[in-house]
Amino acid sequence: MLTLPPFTYHAPATVSEAVALLAEHRGDVKLLAGGTDLLPNMKHRLFTPAHLVGLRSVRGLAEIAEKDGAVRLGPMVSIARLARDPLVEQRLPSLQAAAQAIAGPQLRQMGTLGGNLCLDTRCVFYNQTAFWRLALGYCLKKDGTVCHVVKAGKRCVAAASNDTAPALLTLGARIRVAGPLGTRDVALADFYFADGVRNLGLQEDEVLTGIEVPSPEAGQRSGFQKLRVREAVDYPSLSVAVSSALDAGGNARWVRVAVSALGARPHLVGSLESLTGSKLTSAAVAEIGRIAHRQCHPLTNINIDPAWRRDLIPVLVKRAFETCRLARAS
Amino acid sequence: MTLIGARIPKLDGPGKATGETRYLSDLEVPGMLHGVIRRSDRVHARIVSVDVSKALEVSGVHAVLTARDIVNVPFGHGKDNTPLKGDRVRCIRDEIAAVAAETESAAAEACRAIRVEYEDLPPVFTVEDALKPGAPEIHAGRAGNLPFTYDYAHGDVAQGEADSAHVVEGEFVLQFMTHCCMGTSAILAAFDSEGRLTLTSLTQVPFLYRRDMAAIVGMSPEDIRVIQPPIGGAFGSKLDIYPFEPIAVHLARATRRPVRIVFSRHEEFVSSPTRQPMRVRLRSGCDGKGRLTFRDAQLWLDNGGYTSWGATTPFVMMQTFSSLYRVPHARFHTKVAYTNNPYSGSFRGYGNLQATFAVESQLDLLAEKVGVDPLELRLMNSQETGEKTGQGLEFVSCGLRDCLESAAEMSGWRAKRASPALKGNVRRGVGMASMLHVGGGAKIYRSDGCGSVVSIDDFGKVTLVTGSTDIGQGSETVLAQMVAEVLGVAMDRVKVINSDTDVKPWDVGVHASRTSYVAGNSALLAANEAKAKLLTAAADLYELPKGELSLSGGFIMRGAEKVDALDKLVRTLHFTGKGELLVTHSYFEPASVKQDAGFFGNVSPTYAFGTHAVEVEVELDTGQVRVLAVSAAHDVGKVLNAMSLEGQIEGGVVMGLGYSLTEELKIREGKVLNPSFRDYHLLTAPEVPPIHFKAIETEDPSGPFGAKGVGEAPAICVAAAVANAVHHATGVRFTELPLTPERVLNGLIAAGVVRDPLA
Ligand SMILES: Cc1cc2nc3c(=O)[nH]c(=O)nc-3n(C[C@H](O)[C@H](O)[C@H](O)COP(=O)(O)OP(=O)(O)OC[C@H]3O[C@@H](n4cnc5c(N)ncnc54)[C@H](O)[C@@H]3O)c2cc1C
Ligand code: SF4
């Protein structure tokens with residue numbers, strides 16, 4: 001059996017208590033939300049913090065509400081709730097679709113939105129037991145100096161594997177972060193970096209306290225598509241989220257596409273401005289697929305053929321546009 | 001007959017469903033220590049030094065053993081393995097040292113504290129490299145890395161070629177697959193004060209195990225008692241002795257304490273045996289009408305670092321090449337080569353999944369060349385009851401033709417075959433494949449028999465003590481049914497004892513789909529003798545003609561009239577005059593023969609046949625294959641328990657689908673890349689299609705109530721049927737498994753069926 005390393009568990013009642021605990025144990029502490037990512041990683045000795053700060057006891061982190069022109073989501077909202085919540089269903093169809101396709105029922109029950117956004121990147125050479133990693137030789141991301149994916153590489157390319165991130169990126173989400181110096185707001189697009197070792201713009205003593213998604217415009221639609229080996233449980237081999245807003249004439253006011261599970265950072269596809277003002281015909285969608293394909297360069301960071309994953313980007317882009325749903329009025 | 005063929009829940013079902021069943025991992029005995037093994041982290045290296053001093057300092061540690069501390073007796077089918085490795089490691093799982101400690105975590109910590117110094121040796125990862133001249137020698141003295149070859153032939157392949165109007169040739173590549181038993185490997189070894197050893201073990205072959213273990217640990221077999229607790233799955237994985245088992249004995253001996261070893265799931269993935277990966281090169285021919293003319297097969301098996309029973313799978317595979325359908329001329333040549341990969345073992349089907357994949361894929365290719373429906377080609381070549389094959393297999397009952405027709409009918413074959421859905425992005429097709437497997441054991445030892453004892457106590461409770469082993473397949477239930485049927489008592493009046501070599505009579509073990517047939521016949525012999533004894537006693541006691549008496553509902557009956565209650569009669573026998581016990585025993589030896597040096601001979605008293613027709617959907621833009629339905633028809637001789645039979649079929653089909661679509665133990669440079677259920681892709685419920693099943697009852701004259709074995713059968717022909725269906729849907733032939741979407745999409749692009757999305 002894989003066992004957890006020993007740790008002390010703290011249950012703060014407020015965000016500021018949590019931040020204080022993080023600051024106090026800096027260097028040897030992790031936040032714990034649902035634990036579905038962190039605990040398996042601890043069993044693999046990827047993290048061995050002496051202290052865990054639980055967020056379950058902190059009040060007010062599990063709201064879902066729309067006010068002041070934004071849908072506000074607490075980080076402790078469970079993935080299962082996100083998957084069935086009526087407001088999310090009406091207003092943020094792609095986020096709902098993403099939540100429904102995460103892991104399996106038990107993991108959705110325990111896993112949280114905050115934990116999902118802060119998910120550690122994944123790699124076939126990293127998400128393994130301590131003995132396994134020892135046998136192969138440690139890598140850049142943890143304890144080592146080489147990368148087994150890109151032999152001469154100096155940069156970790158472990159894959160961002162969180163399914164809510166691409167959906168929220170295309171919905172223009174912002175997040176709120178609390179730290180010792182107070183709170184700050186960041187666009188989700190600026191939160192992720194192309195560094196597999198740590199792809200988050202989050203300090204060790206900071207807590208993600210809220211997610212804010214602008215209320216959908218008239219004519220806004222969004223969709224999400226995911227590839228995985230087995231429908232019952234698997235992490236994404238590739239995920240694609242799209243959203244757009246069409247004017248009364250059916251012309252796009254804007255189009256956003258995000259592709260994830262390929263590289264260290266969920267990728268918001270650039271160079272789509274040319275589509276503004278035009279209709280999203282099948283030719284236009286095919287062109288978007290080609291643009292997205294050009295911008296992504298997956299590697300063998302997971303056990304599934306990267307060339308195939310890349311080839312499927314246009315397919316999923318097409319399907320995501322085909323299955324887009326209109327955001328309904330609340 | 002009332003119980004035979006009924007839907008009777010498995011006797012072990014309630015305990016397993018409620019969690020009451022105690023598996024070996026739940027079992028603790030007073031004073032027990034936990035054993036943990038320090039394994040190699042190199043694939044091929046000389047061991048320069050092993051320093052255990054730090055391990056001995058860990059609190060709670062009782063013993064740390066290395067090869068220096070034990071008498072390291074070579075064992076295994078090739079006598080090339082040892083419990084602990086002293087000078088050299090040959091694959092990633094190799095056992096270098098072992099620790100016994102008060103807790104599992106102390107033992108694990110001590111293992112980590114052991115320092116091993118290696119000097120890497122040049123590794124070999126493919127059979128091709130292993131067989132190259134000058135390749136590094138993996139076992140000293142086994143030149144050419146070639147421990148085994150198998151050659152078989154009947155007829156004259158050159159003649160077969162000459163008689164052929166069509167010949168197809170191709171290569172098939174099969175992957176590593178692992179058993180994924182829900183219960184991981186485990187053992188509990190305990191010596192008593194007189195030096196007798198009790199092994200609580202998950203072995204499938206308790207009597208052979210006793211003998212082999214005795215030789216490894218330097219004991220006399222009679223001093224070893226094997227107790228088999230409920231086993232959480234075996235599927236062949238527990239046919240061999242593996243190093244952890246003698247290691248547990250050595251630890252128990254060194255510490256004078258009971259020692260238990262339970263594998264972690266990671267260890268189970270890395271250190272338990274796999275299905276043989278192999279390359280199969282096959283030529284098949286037929287005449288202008290489609291009648292088969294010859295088969296010529298060459299196989300290369302990856303043995304891994306050591307030899308287990310897995311190396312003998314060619315023995316089963318050659319039957320498929322020689323005898324699945326009528327083949328006038330056949331030749332089979334196999335090389336089994338050492339590599340530094342994890343070693344492979346025995347696995348449900350025993351090579352037959354691989355062999356059938358190649359043979360049945362080529363039948364479709366031949367049908368295409370001739371221009372006949374694949375079903376017609378198969379029917380044309382199907383054997384009939386009474387035939388003897390070129391290899392000397394005698395089909396005393398053969399339902400292959402019925403299997404073909406039934407599977408076709410259940411699947412809607414003719415209509416679907418005529419009009420595959422070939423438009424749009426999603427294509428549909430149907431494919432079929434059949435299989436042949438031993439159905440009553442295989443005589444690989446001098447005896448393939450099983451002993452039974454039936455006793456009836458003074459309250460009328462019937463006890464069957466059988467030599468056979470239940471590994472979850474349900475033999476306990478089926479044997480109880482047979483005995484209850486003969487003695488005319490309800491199921492709950494029969495108890496089966498099958499788990500202790502100090503109590504049960506000899507048996508070869510559970511493998512080769514033999515238990516229902518061999519242990520069933522054995523139990524029947526003993527039960528019938530008990531019945532005769534009861535009827536004779538009643539006839540004497542009540543002065544009635546014996547021929548008019550029967551057993552039913554717990555009574556001795558004369559027509560519809562109750563003569564006496566069973567329990568009362570047994571009590572009367574106990575307590576009157578000279579007193580007599582109602583205990584009978586039997587030994588059943590199937591009418592099969594050991595094959596000669598050329599592999600000729602009727603190795604099993606009967607054979608199982610089956611056909612699967614599979615309907616698939618292939619998404620052209622992703623390469624995703626979805627199986628929509630499996631229609632399986634199996635010649636089972638006679639249905640003994642309809643419910644457990646369906647369970648076997650469904651389990652086997654799902655195992656076969658996993659092999660076809662998603663399951664592969666990925667090995668890179670000797671290391672397992674996916675040692676967890678997260679990354680090793682067993683199928684999950686959403687991928688499992690409706691499974692339609694029809695039992696073909698050929699009533700084998702020698703089977704118990706006419707039954708034959710079906711344990712391995714349902715897993716065997718799934719992959720070939722899936723590949724044939726994919727071909728029907730897309731026109732593209734796949735010869736490598738599993739059919740992952742990436743493989744399929746690449747194949748579709750290479751064949752020009754779909755355009756590269758970006759080209
Ligand atoms: C078998 C399996 C399959 C999975 N499949 C998928 C999948 O398909 N798609 C997918 O997206 N995910 C998948 N996951 C990952 C995971 O279950 C989910 O992403 C889940 O939502 C993570 O949330 P959590 O609350 O459990 O995170 P935790 O494990 O509690 O935390 C994850 C990380 O986030 C940090 N963190 C958590 N909350 C905060 C916060 N408020 N502020 C700052 N940091 C925080 C933690 O410190 C930790 O580093 C899978 C996991 C498993 C085990
Ligand atoms: S991408 Fe390279 S450095 Fe990053 S986790 Fe994988 S092997 Fe390690």
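The legends below describe close-up views of a predicted model.

Residues are numbered from 1 along each chain as its sequence is written, while chains are lettered from A and ligands numbered from 1 in the order in which they are written. Because the model is predicted, local features need pLDDT of at least 70 and side-chain atom pairs count only at pLDDT 80 or more, whereas totals for chains, interfaces and linings use all residues.

**View 1. Chain B as a whole.** Chain B contains 20 helices and 30 strands; helices (H or I, at least four residues) and strands (E, at least two) are DSSP runs, numbered from the N terminus. Its radius of gyration is 27 Å, close to the 27 Å given by the globule rule for 759 residues, so chain B is as compact as a globular protein of that length. The radius is taken over C-alpha atoms, and the rule is 2.2 Å times the number of residues to the power 0.38. Along the principal axes, the C-alpha atoms of chain B fill a box of roughly 95 × 70 × 45 Å. Of the 759 residues, 59% count as buried, that is, with 20 or more other C-beta atoms within 10 Å of their own, C-beta atoms being placed from the backbone. Among contacts in chain B between residues at least 6 apart in sequence, 80% join residues at least 24 apart; a contact requires C-beta atoms, placed from the backbone, to lie within 7 Å.

**View 2. Domains 1 and 2 of chain B.** The assignment for chain B, from an automatic or database source, gives domain 1 (32-121 + 184-231 + 238-271), domain 2 (274-442 + 596-750) and domain 3 (449-588). The C-alpha centres of domain 1 and domain 2 of chain B are separated by 37 Å. Contacts link 17 residues of domain 1 of chain B with 21 residues of domain 2 of chain B. On the domain 1 side, six residues are nonpolar, six polar and five charged. Here Ala, Val, Leu, Ile, Met, Phe, Trp, Tyr, Cys and Pro count as nonpolar, Asp, Glu, Lys and Arg as charged, and the others, Gly among them, as polar.

**View 3. Contact between chains B and A.** In this interface, 24 residues of chain B are in contact with 24 residues of chain A. The chain B side comprises nine nonpolar, eight polar and seven charged residues.

**View 4. Domains of chain A.** Chain A is split into domain 1 (1-59) and domain 2 (64-118 + 159-326), with C-alpha centres 26 Å apart. Between them, 13 residues of domain 1 touch 16 residues of domain 2. Helix α1 (residues 15-24) of chain A gives the most to the domain 1 side, with five residues. That side has eight nonpolar, three polar and two charged residues.

**View 5. Strand β10 of chain A and its partners.** Seven of the nine residues of strand β10 (residues 238-246) of chain A are buried, so this strand is largely enclosed by the rest of the structure. Strand β9 (residues 220-227) of chain A pairs with β10(A) in the antiparallel sense over eight bridges; pairing requires at least two DSSP bridges. R221(A) has S244(A) of β10(A) as its bridge partner. Strand β11 (residues 252-260) of chain A is also antiparallel to β10(A), joined by eight bridges, and W254(A) of β11(A) is the bridge partner of A245(A). β10(A) and β11(A) form a hairpin with five residues between them, and G250(A) in the turn has a positive phi of about 85°.

**View 6. Shell of ligand 2.** Ligand 2 is surrounded by 14 residues, the closest being C123(A), C139(A), L140(A), C147(A) and C156(A); a residue is included if its C-beta atom, placed from the backbone, lies within 6 Å. The shell consists of ten nonpolar residues, three polar and one charged.

Note on methods: Two residues are in contact if their C-beta atoms, placed from the backbone, lie within 7 Å. A residue is buried if 20 or more other C-beta atoms lie within 10 Å of its own, exposed if 12 or fewer, and partly exposed in between; C-beta atoms are placed from the backbone.
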